[in-house]
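Here is a short briefing to read alongside the coordinates.

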Amino acid sequence: MIEIINVSKQYRVDGVGIPAITNINLRIEEGEVFGIIGASGAGKSTLIRTLNLLERPDGGEIRVDGKDITRFSSKELQNYRRKAGMIFQHFNLIKAKTVAENVRYPLKLTGEYSEAEMDRRVAELLDLVELAEQRDKYPAQLSGGQKQRVGIARALANHPRLLLCDEATSALDPQTTQSILRLLRDINRRFGLTIVLITHEMDVIRAVCDRVAVLDKGVVIEHGLVTEVLLHPRHPVTRAMVRESHHEDGTDLVGHLGLPGPLLRLTFLGEATYQPVLERISRSLDVSFNILEGVIGRIKDTPYGQLTVQVIGTDPDVARVEEAFAHQSIHCEVLAR
Ligand code: ADP
C-alpha cells in the first residue's frame, strides 16, 4: 500500500520556483489499478515520478508499506526501485541491444542470477508479452506496440510489486492501445501487481482503472472509484473531460431543446444495465420515457449506461418515478421537475 502524504514539488527555473504539484494526498491500495488523469502540465508526470524518486519531493512523505521512501538510504532505494518497474511513453529501450538483451538488462544489473536463470526468465517474460519470435530483433525493427511490450517485459523482469506507467499508450494508435491495456489488465489480475498509470485520456481510465485521481494545476480536484468519478463527476474540469470522452461538444442538448420537464438522468451500473427497467416502470406507473441523450459502455469490467429522459404522462408524479427507480437500484437524478 502506498500513501502519498502532503507531497509537493517545485521546479526552479532562473531562480524562480514553479509549483508542479502541491499538497497531494492519495492512498493507493495493494493490487489495484490506480489512474491519474489531467491535462498537459497538470503535474501527472512529476507525481508518478515521485513514487520511485526519479523526482524527489520538496515536502511530504511517500510511505510504501508504512516506510517513508524519501528517507531511504541509497542501498534501500536501489532495492525498492527493483520492485517498482516503470514503463514510458517513448519506451526508452536500448537501441543497440536486441529485444532479449533489453529484457535481460535489469536482471544482469542485480548481479544475482546465473546465465541459465536469466535465460529462463527472459524466455518466460517474452512469452508473457507474446514476443518470443522477435527476441533477436532490434528496437528499430519493431512496431510501437511491440516496443511497449518489450518495455513491459523489462519492467517486470525482477518480479516488481508495483508497475508505474508514464503515458504508456500515448504514442500508440487506438487498436494497439487497446492491446497494451488488455495486457496491463491481464498482468494486474494474474500477478496481483499494483499498477499506477498517468494519462490524459479518459478512455484509458475507463478501460483499466479501479480508482482515479483527477489532477488540475498540480492539485487533486477529485478522486474515487472510476464508476463514481466517471458517472457522477463533481468538478467542472472532470465534467468537461468526461463529456469530451463521450464525444459531446458541450452544448446543453436538454436546455437547448427547451423541453418541459420532468427530466431525469438515470445511471445504470452492473446487472441493472441488462434489465428492461424503463419498460417495467413505464407499465407499472403508466408513464412513457422520451430518451434524449445516452451513453452505454463498460468501465473496466462493469457495464454501465447513463440516459437523460423526459417523463411523459397525463400527470407524471416525479416522486413516484424516482422511488420506482430507487427500488430497481437505478441512480436517478432529477434535472427538472
Ligand atoms: P504533466 O505530466 O501533467 O504534463 P508535468 O509534471 O510534466 O505535468 O509538469 C507540471 C508542471 O511543471 C508544468 O508547469 C511544467 O511546465 C513544469 N515542469 C515539469 N518539468 C519541469 C522541469 N524539469 N523544469 C521546469 N519545469 C518543469
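T199 is buried in this predicted model, with a relative accessible area of 2%; buried means under 20% relative accessible area, exposed over 50% and partly exposed in between, with a 1.4 Å probe and protein chains only. Because this is a predicted model, local features need pLDDT of at least 70 and side-chain atom pairs count only at pLDDT 80 or more, while totals for chains, interfaces and linings use all residues. Residues are numbered from 1 along each chain as its sequence is written, and side-chain values use heavy atoms, with hydrogens and water left out.

**Around T199**

- T199 belongs to strand β8, residues 194-199; helices (H or I, at least four residues) and strands (E, at least two) are DSSP runs, numbered from the N terminus.
- Leaving aside residues up to four places away in sequence, T199 touches I36, I37, G38, K44, E167, V204 and I205, where contact means heavy atoms within 4.5 Å.
- A polar atom of the T199 side chain lies 2.9 Å from the backbone nitrogen of E201. Such a polar contact is a pair of N or O atoms within 3.5 Å; within protein, one must be able to donate a hydrogen and the other to accept it, and residues adjacent in sequence count only if both atoms are side-chain atoms.

**The ligand and its shell**

- Which residues surround the ligand? They are Y11, V13, A20, A39, S40, G41, A42, G43, K44, S45 and T46, each with a heavy atom within 4 Å of the molecule.
- By class, this shell has five nonpolar, five polar and one charged residues. Here Ala, Val, Leu, Ile, Met, Phe, Trp, Tyr, Cys and Pro count as nonpolar, Asp, Glu, Lys and Arg as charged, and the others, Gly among them, as polar.
- β1 and α1 (44-50) each supply at least two residues of the shell, and α1 gives the most, with three.

**The four-stranded sheet**

- An open antiparallel sheet is formed by four strands in the order β2-β1-β4-β5; two strands pair if DSSP finds at least two bridges between them. Its edge strands, β2 (16-28) and β5 (67-68), each pair on one side only.
- Strand β1 (residues 2-13) is joined to β2 by nine antiparallel bridges, and I4 has L26 in β2 as its bridge partner.
- Five bridges link β1 with β4 (residues 59-64), again antiparallel; I2 stands opposite V64 in β4.
- β4 and β5 pair antiparallel over two bridges, with D68 in β5 the bridge partner of R63.
- β4 and β5 form a hairpin with two residues between them, and D65 in the turn has a positive phi of about 50°.

**The protein overall**

- Twelve helices and 14 strands make up the secondary structure.
- Of the 337 residues, 49% count as buried.
- The C-alpha atoms fill a box of roughly 80 × 50 × 35 Å along the principal axes.
- Among contacts between residues at least 6 apart in sequence, 69% join residues at least 24 apart.
- The protein exposes about 16900 Å², of which carbon and sulfur atoms supply 48%.

Terms used. Areas by Shrake-Rupley, 256 points an atom, 1.4 Å probe, with all protein chains shown as cover.
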